[in-house]
Amino acid sequence: MKKEVLFKLRYKWYRFIHWEFWPMWTVYLPCIFYYFWISLKSRSFGFFKAVNPAIVHGGMTLEDKNFVNQLLPEKYRPKSFLVNGKTNPEEIENLIIQNRLEYPVILKPNNGCRGRNVELIRNRESLKKYLENNGHEDLLLEEYINFPNEIGVFYIRFPNEKKGFVTGIVEKKGITVTGDGEQNLGELIKYNLRYHSFYSKIFQDGEYNANYIPFENEQILVSSIGNHARGATFYDVSDKISENITELFNEICSSVNGFYYGRFDVKFNTWKELENGGNFKIIELNGAASEPTFIYDPKHSYFFAVTEIMKHWNFMYEIARLNKKKGHHFTSIEECWKILKEFNPFLTSSRI
C-alpha cells in the first residue's frame with residue numbers, strides 16, 4: 001500500500017516537471033497570440049488553406065488520409081485500402097487475402113489525428129474486436145511495415161524555389177522495458193514513471209503476459225506505434241539531416257504538386273539505406289496541422305517548443321503569402337469555425 005502511494009506521488013511530480021505531458025493548451029496558449037499576428041498580416045485567419053493547395057484546407061483539419069496517401073508515388077507508401085465503416089471482418093479478411101497482405105496489419109480512422117484508434121491488428125479476433133469498438137467510421141487498412149526504425153521528417157519548400165529543406169527530424173521509440181530478472185512485465189510497466197498510464201491498455205488484448213519475468217537486461221518492445229499519446233518517446237535527431245536526406249525529400253515532394261509544408265512519418269531499415277533512398281516507406285503525410293515533433297524530446301525546454309512552433313507557423317505564413325500571389329485562396333471565416341471545432345488544442349490533452 002505504501003509503495004502504491006509513494007509511486008503515485010512520484011508519478012504526479014514526474015508528469016508535472018516534464019512539460020511534454022502537459023495539456024496541449026499550455027503549449028499553444030502563448031503561440032496563439034503569434035497566430036493572431038500573422039493572421040492580421042495575412043488579413044485572414046484561414047491563410048493556411050494556401051499552404052498546401054493539394055490538400056483540403058492545406059491539411060489543417062482532419063483530412064482524408066486515403067486521399068493524401070494517393071498523392072505520394074506508390075513506391076514510397078505501404079499498400080492501403082479505404083474500408084467502409086459498416087464492413088464486416090470477413091470482407092476485410094478477403095481484402096487482405098486478395099491484395100496479398102498478411103497479419104499483422106494496421107487499421108486506423110480515415111479521418112483522425114494524434115494516433116486516435118490506430119491499432120496493430122494481429123489476427124482475426126483482434127480484427128473483430130476493433131470493428132466492434134470502431135466500426136462506425138470509415139477506416140484505412142494498411143500493410144504493416146516491419147522496419148525497425150521510425151522517424152518524422154519536417155519538410156518545407158517555398159513556392160518560388162525549386163528545392164526545399166528539412167527543419168528537423170524526430171526519432172520515435174515505442175514502449176520498451178528492460179528486465180532486471182526480478183520484476184514481472186506488468187510491474188516493469190506499472191511502476192515505470194513514463195509508461196504507467198499505458199499499463200491497462202498494453203495487457204488488455206492478451207498479447208503479452210503480465211506475469212512473465214524478463215531476464216536481466218532483456219529488452220521487450222510492447223508497443224511499436226510511434227505516437228506520443230500511445231507511449232512512444234520522441235528524440236530530436238536533427239543532426240541526421242544531410243544533403244542526401246534533403247535531396248531524397250526534394251525528389252519525393254517534386255512529384256506531389258501543391259505540397260510545400262508538413263511532416264513525413266517514415267519507417268526504414270537502416271540510416272545508411274535511407275540515405276541512399278532504399279528500404280523505407282512513408283506511413284503518413286501531414287500538412288498544415290503538423291507539429292515539429294522533435295520539440296517533444298525530453299531534453300528540450302518548454303520555451304524551445306513554443307519558439308519552434310512559432311518559427312514553423314511563420315514559414316507557413318510565408319508560403320501562404322506566396323501562393324496567394326499565384327491565385328490560391330484562403331479559408332473563409334465560416335470554414336475556420338468548422339475547423340476549430342474539429343481541431344482544437346485547447347480542448348484536449350492528447351499528444352501526437
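A residue counts as buried when its relative accessible area is under 20%. Leu72 has 2% relative accessibility, so it is buried. This model is predicted. It holds 22 aromatic pairs.

**Leu72 and its surroundings**
- Leu72 sits in a loop that runs between helix H3 (65-71) and strand E1 (80-83).
- Beyond residues up to four places away in sequence, Leu72 touches Arg77, Ile252, Val256, Phe264, Ile282 and Leu285.
- Glu207 is 135 residues from Leu72 in sequence. The C-alpha to C-alpha distance between Leu72 and Glu207 is 34 Å.

**Aromatic pairs**
- Tyr35 and Phe47 form a tilted pair, because their ring planes stand at 35 degrees, with the centres 5.4 Å apart.
- Tyr35 belongs to helix H2 (residues 24-42), while Phe47 lies in the loop between H2 and H3, so the pair ties together parts 12 residues apart in sequence.
- Both Tyr35 and Phe47 are buried.
- Phe36 pairs edge-to-face with Phe45. Their planes are 85 degrees apart, and the rings are 5.7 Å centre to centre.
- Phe36 has 43% relative accessibility, so it counts as partly exposed.
- Phe45 is also partly exposed, because its relative accessible area is 37%.

**Aromatic cluster and a charge over a ring**
- One aromatic cluster is made up of Trp19, Trp22, Phe234, Tyr296, Tyr302 and Phe303.
- Lys190 places its charged end over the ring of Tyr199. The distance to the ring centre is 5.8 Å.

Definitions and conventions
Residues numbered from 1 in each chain as written. Predicted model: local features only at pLDDT ≥ 70, side-chain atom pairs only at ≥ 80, totals over all residues. Heavy atoms only, no water. Helix = DSSP H or I, 4+ residues; strand = E, 2+ residues; numbered from the N terminus. Buried < 20%, exposed > 50% of the residue type's maximum accessible area, 1.4 Å probe, protein only. Contact = heavy atoms within 4.5 Å. Phe/Tyr/Trp six-rings, centres within 6.5 Å; stacked < 30°, edge-to-face > 60°. Lys NZ or Arg CZ within 6 Å of the ring centre and 35° of its normal.
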